[in-house]
Amino acid sequence: MNDSQQQIGHWSETQAQLRHLLHTRDDPVAAFRHILKEGTEHLFERYDQGAAVDTLILARSRLVDMLLLEAWQHHLPVGAGAALVAVGGYGRRELHPGSDVDIMILLKDSEKENLSHAGAKLIAFLFDIGLKPGYSTRTIEDCVQIAGTDATVITNLIEARLLTGSSDLFERMRAATARDRIWSSEDFFAAKIDEQQARWHKFGGTAYNLEPNIKENPGGLRDIQMIGWVAKRHFDAENLHDLVTHGFLTEREHHTLLMGQSLLWRIRFALHRLTGRSEDRLLFDYQRTLAAEFGFTDEDQNLAVEQFMQRYYRTVMELNRLNEMLLQLFREAILLHDRLEPPVEINARFQSRSGFLEVTGDDVFRRDPIALIEVFNILQTHPGIVGIRASTIRLIREHRHLVDARVREDPRARCLFIAIMRYPGVTYAMQRMNEYGVLAAYLPAFAKVVGRMQYDLFHAYTVDEHSLRVMRNLRSFMVPGDAPGHPLCTAIARTIPKFELLCLSGLFHDIAKGRGGDHSLIGARDAWGFCRAHGLSDYDSHLVAWLVERHLMMSMTAQHQDISDPEVIQAFATEVGDSSRLDYLYLLTVADIQGTNPEWWNSWKDRLLQDLYQSTRSALERGLDNPQAQDDLIQQKQTETLRLLAKYGITREVCTPLWIKFSLDYFLHNSPDELAWQTGTILQTPERALPLVAIRPLTHRGGTEILIYTWDQKHLFARTTALLDRWGLSIMDAHVMTTDDKMVLNTYYVLETEGSSPVLDATQIRQIQDALEQELSQPEAPNLQVTRPVPRQLRYFPTETRLRFSKDERNHRTVMHLLTLDRPGLLAAIGAAFDTCGILLQNAKIATIGAQADDIFFITTADGAPITELSTLNCLRRETRSRLEHAADD
C-alpha cells in the first residue's frame, strides 16, 4: 500500500471518529476542533519523520475536505440548490497548516434568499472550529459579473473544485466563466503579466531580499502558480507536466520546477508550523531555526543560516529563469499565435526575430561554445533587440556547462568578455549572464558567491546581486539623468579614461567573500590574474587589483577618522597616490555603499565622502611633499568666516574675544559656513538667554545642525543625546568643546532614524528647542531614559560589545573605538559612563553598520590630557559595559 492509499485510509478512519463524536456528544464545535487538532498533529509527526511535503499538503487538503463535507451536511438541507466549491490554492489541493481555506458557496438564483442564512451559519461554524475560511456566497450570475472585471476572481475560479452539492450548478458556473465567455486567453495572460510585474516591483525586482516572501517574491511560489494559471486557461492543462506534453517544458525543466516548488513548499510548511499562522515571510526571527531544522551546521567561513539561505536563493533564481522562459513561450503562443516575423540574419550563428535574439540552429552552442559569450555582446551591440528568445534561453541553459577551461583560455572568448565590459550595455548583459548561469561558468570564483548571503542587516543582497548592483550604479554615473543625486560622481565619471576598469573592480571587489582570510586581498589577486590573462596592460591590471584591495579604504576613513585633521588627509592622500586613482576609488565607494543597502545611504555619508574627496584632491594637487600646515588651514578658515560674517556687520574685533577662548580643534572641525553661523548666533545671544539652543535644518553637510551653548554642567552630552533619541533623531556627528571660561559649545548633526535628512518646519524646530532648553535648565534632574523599542530585526544579531583604546598623540587625546549592538539610548549610556569616570568628550564619529554601532569617541581627562591611567580606562570599560547591558535588559 502506497503513502497516498494509507492517507486515504487514515482520513476515512478519522471521518468515522468524527461522526461517532457527533453522535455521542452534544457540542459539535468541540468534536470538530478535536479532529482538526488531532489531524494537524498527525501531519506534524509525519513531517518530523521526513514525509514528502507534497503528500503532507495534499493530506491537509483531504483533512479539511472531510471536515467541510461533514459541516455542510450539518448546516444545509439535503438536496439544497447549492454547491460547496473549493477555490484558489485549496482548489488545487495545496493547503499548508496555516493557509486560508478558500471556499465559495454557489447558490441557485431561486435559492439565494432561502439559503444565505444557512451559508452564513456554516461560515461562522468554520471559524469556531479553528479554520480560517476565505469565503464568498455567489450565484452563477454573480460569478460572471464579478469575475468579468477582476482578474483575481477569475484566477480563483480557474482553480475551482466541487466539494459537495449540486454538480449541475457547478458545471454551469464553469461553462459560464470559460475563456470563450469571459477573459480570453490573450486578455488573461496580459493581465497576469501586468500583475506579476507589479508584484515584482513591490519587492524591488529581486528575489534577493534579506527577509524574502517565499510566496510573493520573484521566483517564489506565486510565479509557479502563475505558470499553472496560464496553462489551465489556455491549454486546459491539469498539471505542470502537461506543459511537457505541449512542448513548453523538457522533462529536466519539469523536474527542476517540481524540485524548486518542493523546497519552497517545505519551507512554507515549516514556517506555518513554527509560527502557528499563515506566515510566508522568511524573517530573521525564523532563519536560524529553519537552517538547523533543514540540517545545516555552522562552518568556519559559512554559517548554517547562510548555507540555508544560499540554497533558497539559488532555488528561486532557477525558478525565476524558468518563469521568464515559459512566459516568453506563452507570449509567442498566446499573444502572437506563433506568427513570428521572418528572421533577420546577424551572423552565421545568430539572427533576430520579432525583436528577440535567437540562434540559427540548435547545434550552434555545441559546435562553438564561445557563442555562449558572444550572445551577450550581440545584445549590447544591437539596440533593436529587446531580449533573447525562450528557445535560445533553453539552449543556453542546456549548454552552459561547455564553458570550461578551454573556453576561458580562448583569446576569442577573452576578447568578447572585455568587449562586453567596455560597452554601455554592460550591466544588462552581465545581469543576463548571471541569470542564465554563464557568468558563473566563465568565472568559477563568481560561481561561489551566487546566492551567497551574509547574515547581517547591512548587506541587503546576496554577493552576486550586490556586485551587479554596484556595476549598475557605476554605469548610471556615465548616463546623463540616471544619477540625479550624484552630480559630483557624474562629473568625475565623464573624465574616467577607461570605464571598463571601474566595472571590473565592481565585479571583483567582493568575489572572494566566504573563502577565508581578507576577501579584499584574495579578490585583488583574482582580479590581477584575470586582467593579465585578458590582455590588460600591467598598469591597468595594477589599478583594478588596487581598487579591489582598497575598496573599503575611503568609506572607513570618512566614517572612522577625523577628516578635518590635515594629517588624516595627508595620510589618506599618500595611500591613494594620485588623482586618477582617487577618482576611480571615489566612484567605486559611492556605488558600493549604495549597492550594499540603499536604506543605509544618506545625505550625511554623501557629504562625508565628498569632503574627503575634495580635501584629498587638494592635497594631491598641492603635492604630497608639501602638506598643508594646521596653522595655515585655520587661518584660511577664519579669513573666510570673517568674510561671511561681514555681511551681518560682525567684525574681527567682535569675534576675537570669543574665538580666543576656543580650541584650535574647533576651527579644524568646522567649515567657514558653520563657523560663521555658530559665531554669529552666540554673539547675538545675551548671557541671560542661556542655555542657547539653535537649529539649522538642511546644512551643507546634508543633515540638520543643532548648536548648544551654555554653562558647563554634568550629564550635558548624555541628556542631550537621550532627548534627541526620544525625538527620533539619529546623531551622525558630535563635536563637544569646553571653552577657556568654562562654557560648553556642542554641535550635533542629525538625521531621522530612517536615515534621511529631517525637513523640520518652524513648529517642530521650536518644539525641539523648547524641549532641549527645558532639559538643560534642570541639571539636578537628568532624564536619560529612552523608551523607544529596539527594532525587531536587531534582536536577531547579537553583537558582543568591544572597546578599544588608542593614542592620538599629536592632538593630545585618546581614541575610544566602540563596537556594539545598535539600540535606542546608546549615546546617552556612553555619555553617562564618561561622566561617571570623569572623561571629557571632544568629538564623536557615529556610524551604524546594519545592526552594529561602530562609533569613535575622541576623549581626554577632565583637565584635557590624554588618558594614561589604567584605572580610568578600566572604569570606562566597566561603566560602558554595565550601562549597555542594563539598556539591553530594558
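Trainee: Which residues account for 70% of the contacts in the chain with a separation of 6 or more?

Mentor: Residues 24 or more positions apart account for that 70%. Keep in mind that this is a predicted model.

Trainee: How many helices and strands does the chain have?

Mentor: The secondary structure comes to 39 helices and 17 strands. Along its principal axes, the C-alpha trace spans about 100 × 75 × 50 Å. Of the 890 residues in the chain, 58% are buried.

Trainee: Where do nonpolar side chains tend to be in soluble globular proteins?

Mentor: They tend to be buried together. In this chain the largest nonpolar core has 193 residues. Those that touch the most other members are Ile-267, Phe-330, Phe-376, Phe-417, Met-430, Tyr-586 and Leu-587. Helix α14 gives the largest share of this core, 17 residues.

Trainee: What is Tyr-586 in contact with, leaving aside its neighbours within four places in sequence?

Mentor: Its partners are Leu-488, Cys-489, Ile-492, Met-554, Asp-606, Leu-609, Gln-610 and Tyr-613. There is also a second, separate core of 43 residues, which includes Ile-768, Leu-772, Leu-827 and Leu-873.

Trainee: How are two packed helices described?

Mentor: By the angle between their axes and the distance between the axes. Take α14 (residues 304-335) and α20 (residues 426-435): they pack at about 105°, and their axes are 10 Å apart. Angles of 65 to 115 degrees count as roughly perpendicular, so α14 is roughly perpendicular to α20.

Trainee: Which residues make the contact of α14 with α20?

Mentor: From α14 they are Met-317, Arg-321 and Glu-324, and from α20 they are Arg-432, Asn-434 and Glu-435. By class, the contact has 1 nonpolar, 1 polar and 4 charged residues.

Trainee: Is Asp-665 buried or exposed?

Mentor: Asp-665 has a relative accessible area of 14%, so it is buried. It is found in helix α34 (residues 664-669). Beyond its neighbours within four places in sequence, Asp-665 is in contact with Asp-562, His-735 and Arg-813.

Trainee: Where does Val-786 lie?

Mentor: Val-786 lies in the loop between α37 (762-776) and β13 (802-808). With 15% relative accessibility, Val-786 counts as buried. Apart from neighbours within four places in sequence, Val-786 is in contact with Ala-722, Asp-725, Arg-726, Pro-824 and Gly-825. Val-786 and Thr-720 are 66 residues apart in sequence, and their C-alpha atoms are 11 Å apart in space.

Trainee: What phi do most residues other than glycine have, and what are most peptide bonds?

Mentor: Most such residues have a negative phi, and most peptide bonds are trans. Trp-183 sits in the loop between α8 (167-176) and α9 (185-202). Trp-183 counts as buried because its relative accessibility is 17%.

Trainee: What is the phi of His-812?

Mentor: His-812 is not a glycine, yet its phi is positive, about 55°. Its place is in the loop between β13 and β14 (813-821). At 51% relative accessibility, His-812 counts as exposed.

Trainee: What kind of peptide bond joins Leu-690 and Pro-691?

Mentor: A cis bond, with omega about 5°. Pro-691 is found in the loop between α35 (672-683) and β9 (692-696).

How values were computed. Residues are numbered from 1 along each chain as its sequence is written. This is a predicted model: local features need pLDDT of at least 70, side-chain atom pairs count only at pLDDT 80 or more; totals for chains, interfaces and linings use all residues. Side-chain values use heavy atoms; hydrogens and water are left out. Axes are lines fitted to C-alpha atoms, for helices over the stretch in contact, and angles run from 0 to 180 degrees between N-to-C directions. Helices (H or I, at least four residues) and strands (E, at least two) are DSSP runs, numbered from the N terminus. Angles under 35 degrees count as roughly parallel, over 145 as roughly antiparallel, 65 to 115 as roughly perpendicular and the rest as oblique. Contact means heavy atoms within 4.5 Å. Ala, Val, Leu, Ile, Met, Phe, Trp, Tyr, Cys and Pro count as nonpolar, Asp, Glu, Lys and Arg as charged, and the others, Gly among them, as polar. Buried means under 20% relative accessible area, exposed over 50%, partly exposed in between (1.4 Å probe, protein chains only). A nonpolar core is a set of buried Ala, Val, Leu, Ile, Met, Phe, Trp, Tyr and Cys residues joined through side-chain atoms within 4.5 Å.
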